[in-house]
Each structure stands twice: as C-alpha cells, then as structure tokens.
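Open the structure in your viewer and keep the sequence panel beside it. The tour moves from one selection to the next.

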Amino acid sequence: MSIKQNIGRIAAGSIAALAIAGAAVPAFAHTAIQGGATSWNDGHNFYVKDTDPDSHSVYGNWAISGGDGNDGRLNNSGGYNTTASTWVSGDIISVRACVDIQFGTDDCSGWF
C-alpha cells in the first residue's frame with residue numbers, strides 16, 4: 001500500500017470520527033418531566049412541551065452556571081402537543097418542568 005493510500009485512509013477515518021463526535025448529544029443536556037410538562041435543553045436552546053390534553057398551560061425553568069439557581073422561565077400556553085423555545089445566554093446546568101395549576105399550587109418536577 002502506498003503512502004498516498006495510507007494518508008487517504010487516515011483522512012477518511014478522521015472525517016468519520018469527527019462526524020460521529022459532532023452528532024453526539026452535548027454532555028450538558030438536561031430533561032425534566034412532570035405530569036403534562038416536559039422541559040429540556042440542547043446547548044443554549046431551552047424547550048417546554050405540553051404533553052397532556054387538559055386545561056393547564058405548562059412552563060419550564062432553567063438554572064445557569066454562576067446564576068442564582070432559578071435564572072429563567074419559559075411559558076407555553078399554546079395547548080396540547082405544542083412546544084415553546086428560547087435561546088439562553090449562559091451554560092444551562094439544570095432544568096425543571098411545571099404544570100400551571102390555576103388557583104392552586106403548581107405541579108413542578110425536581111431540578112435535573
């Protein structure tokens with residue numbers, strides 16, 4: 001096998017390894033589920049999905065590195081099977097999901 005063929009194989013292997021690594025889920029992704037609410041992040045994007053066909057809207061909270069522990073809230077009042085999203089400045093270290101209970105105590109997950 002020639003040096004040119006070896007270099008080509010090494011380059012192809014390196015490109016394949018980079019493609020696989022780039023497709024991996026970030027180590028800092030988090031997901032929280034509570035009742036009819038699901039919240040998650042993928043990097044700096046934060047999402048909240050309503051997963052229950054009831055009369056309750058849902059919301060999610062996030063915490064960022066160096067923040068005060070409850071650094072943001074995203075409401076989703078779009079109804080069943082809708083997802084709201086926002087970009088978050090800072091590294092998200094924890095999320096939680098909540099069902100907004102009108103005239104009652106909201107039903108929230110723990111922080112994940």
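Which residues does Ser39 touch, not counting residues up to four places away in sequence? Select Ser39 and show its surroundings: Ser39 touches His30, Thr31, Ala32, Phe46, Tyr47, Val48, Gly60, Val95, Arg96 and Ala97, where contact means heavy atoms within 4.5 Å.

Before going further, note that this is a predicted model, in which local features need pLDDT of at least 70 and side-chain atom pairs count only at pLDDT 80 or more, while totals for chains, interfaces and linings use all residues. Residues are numbered from 1 along each chain as its sequence is written, and side-chain values use heavy atoms, with hydrogens and water left out.

**Ser39 and the overall layout**

Stay on Ser39. Ser39 lies in strand S2 (residues 37–42); helices (H or I, at least four residues) and strands (E, at least two) are DSSP runs, numbered from the N terminus. Ser39 counts as buried because its relative accessibility is 0%; buried means under 20% relative accessible area, exposed over 50%, and partly exposed in between (1.4 Å probe, protein chains only).

Now zoom out and colour by secondary structure. Of its 112 residues, 29% count as buried. Among contacts between residues at least 6 apart in sequence, 55% join residues at least 24 apart.

Select S2 together with S3 (residues 45–50). S2 and S3 pair in the antiparallel sense over six bridges; two strands pair if DSSP finds at least two bridges between them. The two strands form a hairpin with two residues between them, and Gly43 in the turn has a positive phi of about 75 degrees. Asp42 stands opposite Asn45 in S3.

Keep Asn45 selected and look to its other partner. In strand S6, the bridge partner of Asn45 is Trp87. S6 covers residues 83–87 and pairs with S3 in the antiparallel sense over five bridges.

**Aromatic pairs**

Show the rings next. A pair of aromatic rings is described by the distance of the centres and the angle of the planes. Rings of Phe, Tyr and Trp (its six-membered ring) pair if their centres lie within 6.5 Å; planes under 30 degrees apart count as stacked, over 60 as edge-to-face and the rest as tilted. By this rule the count comes to two aromatic pairs.

Trp40 and Tyr47 form a stacked pair, 5.1 Å centre to centre with 15 degrees between the planes. Trp40 counts as partly exposed at 26% relative accessibility, whereas Tyr47 is buried at 18%.

The other selection is Phe46 with Trp62: the ring centres are 4.9 Å apart and the planes are at 55 degrees, so the pair is tilted. This pair links distant parts of the chain, with Phe46 in S3 and Trp62 in strand S4 (residues 58–64), 16 residues apart. Phe46 is buried at 0% relative accessibility, and Trp62 is buried with a relative accessible area of 10%.

With Trp62 still selected, show its contacts. Leaving aside neighbours within four places in sequence, the partners of Trp62 include Phe46, Leu74, Val88, Ile92, Val95 and Trp111.

Which residues of the largest nonpolar core touch the most other members? Of its 14 residues, they are Phe46, Trp62, Leu74, Val88, Ile92 and Val95. A nonpolar core is a set of buried Ala, Val, Leu, Ile, Met, Phe, Trp, Tyr and Cys residues joined through side-chain atoms within 4.5 Å. S3, S4 and strand S7 (92–99) each supply at least two residues of this core, and S7 gives the most, with four.

Select S7. Seven of its eight residues are buried, so S7 is largely enclosed by the rest of the structure.

An open sheet of four strands has the order S5-S4-S7-S8, with antiparallel pairing. The edge strands are S5 (72–76) and S8 (107–108), each of which pairs on one side only.

S4 and S7 pair over seven bridges. Val58 has Val99 as its bridge partner in S7, and Tyr59 has Cys98. Follow Cys98 across to S8, where its bridge partner is Cys108; two bridges join S7 to S8.

End at Tyr59. Arg73 lies over the face of its ring, at 3.4 Å from the ring centre; a charge sits over a ring if NZ of Lys or CZ of Arg is within 6 Å of the ring centre and within 35 degrees of the ring normal.
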